[in-house]
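Hi,

Here is the structure I promised to pass on.

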Amino acid sequence: MSVCIPECPNGTFALPGMKSCQPWLTCGTKIKLISTISFSVVKTVYLTEWENHEVVLSVLSKEEYEEDFKQNLFMIKSLNSKNTVQLIGFCNNNILTKYYALGNALNVNYHLRNSLKAYDSVKLRLDLCISYVTVINFLHNSPVGTRVMCDSNTLEKTLSQFLLTDDLNIVANDLDATPEVNDIEKGILCGNRALSGSFVAPEQLWPYGDQKYDPKKMALYDEKTDVYKIPDVCNWFLGGSSEADILKYKLFNFHKTCKNRDPSKRPSAKVVLEKYENVRNELLKNI
C-alpha cells in the first residue's frame, strides 16, 4: 500500500510518479474536469486531471462563505504537512489538492471488508486510532496555534473531515472551521447556534434549557472538546471483532478520563497518543 513520494518543503508539492518537487500551481494552470465529487454551501468539489495526475479542485459555492473558504486555504497552506491534505495549488477562490482515492474516513469499514480485506487486523485498526490522534495532536500544537476541530458535532461529520491515504493513514482535509484557542480570548465557541447530542463535549451544550440560545451567555471552551470525542472515534475505527472488544476493554478506564465532564481533568491529545502507542507496543509483543 505504501507509495514513495518525495518530501517537499512548504510552497512545493509532489505526486505519485514525480521524482522531484515543484512549486504550487497558480492561475493559468490547465486542468481537465472529470466529475463532481461533492457539493456543499461552502464549496463544490471536482475530480480533475492535471498532466495525467488525478487531482481535486475545490471551488467556492457562494460568495457569502468566502471567508470560510479562504480560512480553509490559509490553514492548508500554513500547516502543509503529512498530517494534512496535500496542497497542489490555488488561484482566487479555487484550490487544487491531491486526490485520495479511498475517500474520507467514513469509508474505512467498507474498504476493510472489501478491497482491503487482506489487511484488516486489530493492529491496523489501532494504527488508524493512532493516526487520527496524531492529527489532532498536531492541530493542538500547530504552527498557527492551538486549533480546534469545530465541524465535529456527530461521529459521521467528524469522520467526513478526514481523508484516508493510500497507505491507510489519516489526514485532515476540511479545515475551514478550526478556530484558535489563544491567550487573549481564553477559549472558543463552535458556530453560532446551540449544539446538541451525546457526541459533543458537555461544555459545548447550551446549559439554559428552553431559553433562547444566546452565544454571549455561553462559556468558552478549548481543545479538550476534541479529546472528549477521541474514544468514540477510536472505538469506531476498532470495529466489533472479538479482538477489538478486548482492546476496548483495555482502554475503557483510560477512555473514561477522556470523557471526564471537567475538561481540565481530561488528558491532552499528546497523552492520548502516548497511551495508544504503548498499547500498540504491548499488542505487538503478543503477536
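This is a predicted model: local features need pLDDT of at least 70, side-chain atom pairs count only at pLDDT 80 or more; totals for chains, interfaces and linings use all residues.

**What I found**

Asn92 is found in the loop between strand E6 (87–91) and strand E7 (94–98); helices (H or I, at least four residues) and strands (E, at least two) are DSSP runs, numbered from the N terminus. Residues are numbered from 1 along each chain as its sequence is written, and side-chain values use heavy atoms, with hydrogens and water left out.

Most residues other than glycine have a negative phi. Asn92 has a positive one, near 55 degrees. Asn92 is also exposed, at 63% relative accessibility. For the burial terms, buried means under 20% relative accessible area, exposed over 50%, and partly exposed in between (1.4 Å probe, protein chains only).

Glu51 is another non-glycine residue with a positive phi, about 45 degrees. You'll find Glu51 in the loop between strand E4 (43–50) and strand E5 (53–60), and it is exposed, with a relative accessible area of 57%.

**The sheet**

What is the strand order of the five-stranded open sheet? The order is E3-E4-E5-E7-E6, with antiparallel pairing; two strands pair if DSSP finds at least two bridges between them. E3 and E6 are the edge strands, each pairing on one side only. From one strand to the next, the twist averages 25 degrees; axes here are lines fitted to C-alpha atoms, for helices over the stretch in contact, and angles run from 0 to 180 degrees between N-to-C directions.

Some details on the pairing:

- E3 and E4 run antiparallel and are joined by six bridges, with a hairpin of three residues connecting them. Ser35 stands opposite Leu47 in E4.
- E4 and E5 pair in the antiparallel sense over eight bridges. Two residues lie between them in a hairpin, and Glu51 with its positive phi sits in that turn.
- Thr48 has Val55 in E5 as its bridge partner, and Trp50 has His53 in E5.

E4 is mostly covered, with six of its eight residues buried. Helix H1 (residues 66–79) lies across E4, E5, E6 and E7 and runs at about 140 degrees to E6. Contact, here and below, means heavy atoms within 4.5 Å.

**Aromatics**

How many aromatic pairs does a search of the whole structure find? There are seven. Rings of Phe, Tyr and Trp (its six-membered ring) pair if their centres lie within 6.5 Å; planes under 30 degrees apart count as stacked, over 60 as edge-to-face and the rest as tilted.

One of the pairs is Trp24 with Phe90, with ring centres 5.9 Å apart and planes at 65 degrees, so it is edge-to-face. Trp24 lies in the loop between strand E2 (22–23) and strand E3 (32–39) and Phe90 in strand E6, so the pair ties together parts that are 66 residues apart in sequence. Trp24 is buried at 15% relative accessibility, whereas Phe90 is partly exposed at 26%.

Trp236 and Phe237 also form an edge-to-face pair, at 5.6 Å centre to centre and 65 degrees between the planes. Phe237 is buried, at 1% relative accessibility.

**Lys259**

Where does Lys259 sit? In the loop between helix H6 (242–258) and helix H7 (269–285). Lys259 is partly exposed, with a relative accessible area of 25%. Leaving out residues up to four places away in sequence, Lys259 touches Tyr228, Pro231 and Asp232. Lys259 lies over the face of Tyr228, at 4.1 Å from the ring centre; the criterion is NZ of Lys or CZ of Arg within 6 Å of the ring centre and within 35 degrees of the ring normal.

**The whole chain**

The chain has seven helices and eleven strands. Of its 287 residues, 45% count as buried. The C-alpha atoms fill a box of roughly 55 × 50 × 30 Å along the principal axes. Among contacts between residues at least 6 apart in sequence, 61% join residues at least 24 apart.

Cheers
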